[in-house]
Amino acid sequence: MKAQDDGKPYDDINITPMLDLAYVLLVIFIIMTTATVQGQKVNLPKASAAPSLATQTTKAITVGADGKIFLDTIPVTLPELEQRLIQQKALTPDFPIVLRGDAQAQYQSVINVLDLLSRIGLAQVGLATKPLVK
């Protein structure tokens, strides 16, 4: 075979870049279709009631309509709440808190909890509300 002259156009079509693109698209389609496949529904076995090693970082404080205060689901008084939050802060310095106040709760009860949180130095506080239905 003779080497091509500089001025003549090529007679062949180089299909290597087109095949590379086709293979990349094939791989992407395979990954996308296997990622969206939902599994069959099965009746999963129940685990033991042993506490999980993963610690739940978000704490929920609830102020009921009658003024009772709950930390997660445990009823506590304001001094007990302060003591437990200080203990939790020693383990996790800055953990998020969700404050849930009943609509019929006294405003002062919610303010007392917010004041307690600011005294302890917990800044990641969220107030839970119901979404507005239009």
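In strand 4, which residue is the bridge partner of Ile 61?

Modeller: The bridge partner of Ile 61 in strand 4 is Leu 99. This is a predicted model, in which local features need pLDDT of at least 70 and side-chain atom pairs count only at pLDDT 80 or more, while totals for chains, interfaces and linings use all residues. Residues are numbered from 1 along each chain as its sequence is written, and side-chain values use heavy atoms, without hydrogens and water.

Strands (E, at least two residues) and helices (H or I, at least four) are DSSP runs, numbered from the N terminus. Strand 4 (residues 97-101) runs parallel to strand 1 (residues 59-63), and five bridges join them; strands pair if DSSP finds at least two bridges between them. Strand 4 is also parallel to strand 5 (residues 125-127), through three bridges, and there Leu 99 has Leu 127 as its bridge partner.

Ile 97 touches residues including Ile 61, Leu 85, Leu 117 and Val 125, where contact means heavy atoms within 4.5 Å. Ile 97 and Ile 61 are among the residues with the most contacts inside the largest nonpolar core, which has 17 residues. Such a core is a set of buried Ala, Val, Leu, Ile, Met, Phe, Trp, Tyr and Cys residues joined through side-chain atoms within 4.5 Å; buried means under 20% relative accessible area, with a 1.4 Å probe and protein chains only. Strand 1, strand 4 and helix 3 are among the elements that each supply at least two residues of this core, and helix 3 gives the largest share, five residues.

How values were computed. Buried means under 20% relative accessible area, exposed over 50%, partly exposed in between (1.4 Å probe, protein chains only). Lists of a residue's contacts leave out its neighbours within four places in sequence.
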